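Colleague: I have just opened this structure and would like to go through it with you. Could we begin with a term I shall need for the strands?

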Amino acid sequence: MKRTMMMALMAGLFCLAATAHAAAATSGMTAKRINVTGEIVDTWCYVTEIMYALGTAHHQCAVWCAAGGIPVSILGDDGKVYVVLKLEDDGTNVANPAILKIQTHRVTVNGDLFERDGVKYLFVTQVADDKGVVNLTHAENGIQPFGE
Amino acid sequence: MKTIAIIFALAVMAFAPAAFAAEEWGIDGEKKARFEAKVVDIACELSGNCPANCGGGKRQLGLLRDDGRLLLVAKNFDIFAGGTVDLLGFCGQRIVADGLLIKTAKMPLFALQFSRLAPDGKWRRANKFTTEWSSSNGGKEGSQWFRHDARIKNEIAANGVFGIPGLKPSKE
């Protein structure tokens, strides 16, 4: 009985590994499993620096942009920008209601990182910690971009 | 001030008569660019997980250039909107993309302003987001869509403009 269960488990693991390998082979890319801690940000405003784009000062604008389908990223504590393409079981990444709800939050996630042509794309497998909005920037920067 | 100028310029250009050539937006690192590329689902391109029709509007789309470079389309010609709605109809097809290639130390991005089916389809301004938003919101005017969108209003009502329930702007 024990031996049968062990063999079934081994077979399952083999199938999982084969599926992952097949997916990577199809795309020609290999993912790297990483942990990231940082702030959920709007990719456009943060990268282009068209306005101050962090914390409470930019929260409302970040919600507008996420609802408008602009890619959402995590600005890691390492200073790198990770574009989120998947959030746990949800493979949608345009105006995803779950992402809308964690805009500006400080999170710790783990996931699969794909790097291509200067962009870091992250498929988040788990949000391990969510501290909510903790970056208080509005006293210094007001409400971006219109002040209301 | 620069922010307001860029947003104002974008809003004016979005409703100006079409010239079908990229406009500068005054962003550091921007460069006008017109090129042919294939419209792809970015997550599919990277992971091999490929739903039908590039995810039907629920996935970020990109431009795969002939040299193999993949460009993330982060913006269209509408205020506070991305490029998926404008590109979805071209899923898997080659288009001529016209817009701004933005290169910064953080990462490269593309802002789509105009597109047409390659090689000589009809030019189209990349402002389909507000058009579709308007038609799915009872014909409301789209230029201020972000102030009238139900998803946004619900989120701000629940957590406030700062994202922290109960924290409100000071009245000065």
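This is a predicted model: local features need pLDDT of at least 70, side-chain atom pairs count only at pLDDT 80 or more; totals for chains, interfaces and linings use all residues.

Colleague: Then how many bridges do S2 and S3 of chain A have, and in which sense do they pair?

Modeller: Strand S2(A), residues 72–76, pairs with S3(A) over three bridges, in the antiparallel sense. Within this region, A:Ser73 stands opposite A:Val83 of S3(A).

Colleague: What do the strands of chain A form together?

Modeller: Five strands make a closed barrel in the order S1-S2-S3-S5-S4 of chain A, and the pairing is mixed. On average, neighbouring strands of this sheet are turned by 55 degrees against each other, direction ignored. Helix H3(A) packs on the sheet, where it touches S1(A), residues 32–42, and S2(A). The direction of H3(A) makes about 115 degrees with that of S1(A).

Colleague: And how many helices and strands does chain A have?

Modeller: Chain A has five helices and five strands. Read from the N terminus, the elements follow the order α-β-α-α-β-β-α-β-β-α. Of the contacts in chain A with a separation of 6 or more, 68% are between residues 24 or more positions apart.

Colleague: Let us turn to the interior. What share of chain A is buried?

Modeller: Of its 148 residues, 45% count as buried. The largest nonpolar core has 80 residues, and A:Val84 and A:Leu122 have the most contacts inside this core. Helix H3(A) supplies the largest share of the core, seven residues.

Colleague: Why would such residues gather in one place?

Modeller: In soluble globular proteins, nonpolar side chains tend to be buried together.

Colleague: Which residues does A:Val84 touch?

Modeller: Leaving aside residues up to four places away in sequence, A:Val84 touches A:Val72, A:Ser73, A:Ile74, A:Asn93, A:Ile99, A:Leu122 and A:Val124.

Colleague: Now the second chain. How many residues of each chain are in contact?

Modeller: In chain A, 47 residues are in contact with 46 residues of chain B. The elements of chain A that each supply at least two residues to this side include H1(A), H3(A), S3(A) and S5(A). The largest share, six residues, comes from H3(A). By class, the side of chain A that touches chain B has 26 nonpolar, 16 polar and five charged residues.

Colleague: Which strands pair with S1 in chain B?

Modeller: Strand S1(B), residues 30–41, and S4(B), residues 94–103, are antiparallel and share nine bridges. In S4(B), B:Leu100 is the bridge partner of B:Lys32. Strand S1(B) is also joined to S2(B), residues 61–65, by five bridges, and these two run antiparallel. There, B:Ala37 has B:Arg65 as its bridge partner.

Colleague: Which residues of H4 in chain B are buried, and what covers them?

Modeller: The buried residues of H4(B), residues 128–135, are B:Lys128, B:Phe129, B:Thr130 and B:Trp133. Their cover includes helices H3(B), residues 84–88, and H5(B), residues 145–148.

Methods. Residues are numbered from 1 along each chain as its sequence is written. Chains are lettered from A and ligands numbered from 1 in the order in which they are written. Two residues are in contact if their C-beta atoms, placed from the backbone, lie within 7 Å. Helices (H or I, at least four residues) and strands (E, at least two) are DSSP runs, numbered from the N terminus. Ala, Val, Leu, Ile, Met, Phe, Trp, Tyr, Cys and Pro count as nonpolar, Asp, Glu, Lys and Arg as charged, and the others, Gly among them, as polar. A residue is buried if 20 or more other C-beta atoms lie within 10 Å of its own, exposed if 12 or fewer, and partly exposed in between; C-beta atoms are placed from the backbone. Two strands pair if DSSP finds at least two bridges between them. Axes are lines fitted to C-alpha atoms, for helices over the stretch in contact, and angles run from 0 to 180 degrees between N-to-C directions. A nonpolar core is a set of buried Ala, Val, Leu, Ile, Met, Phe, Trp, Tyr and Cys residues joined through C-beta atoms within 7 Å.
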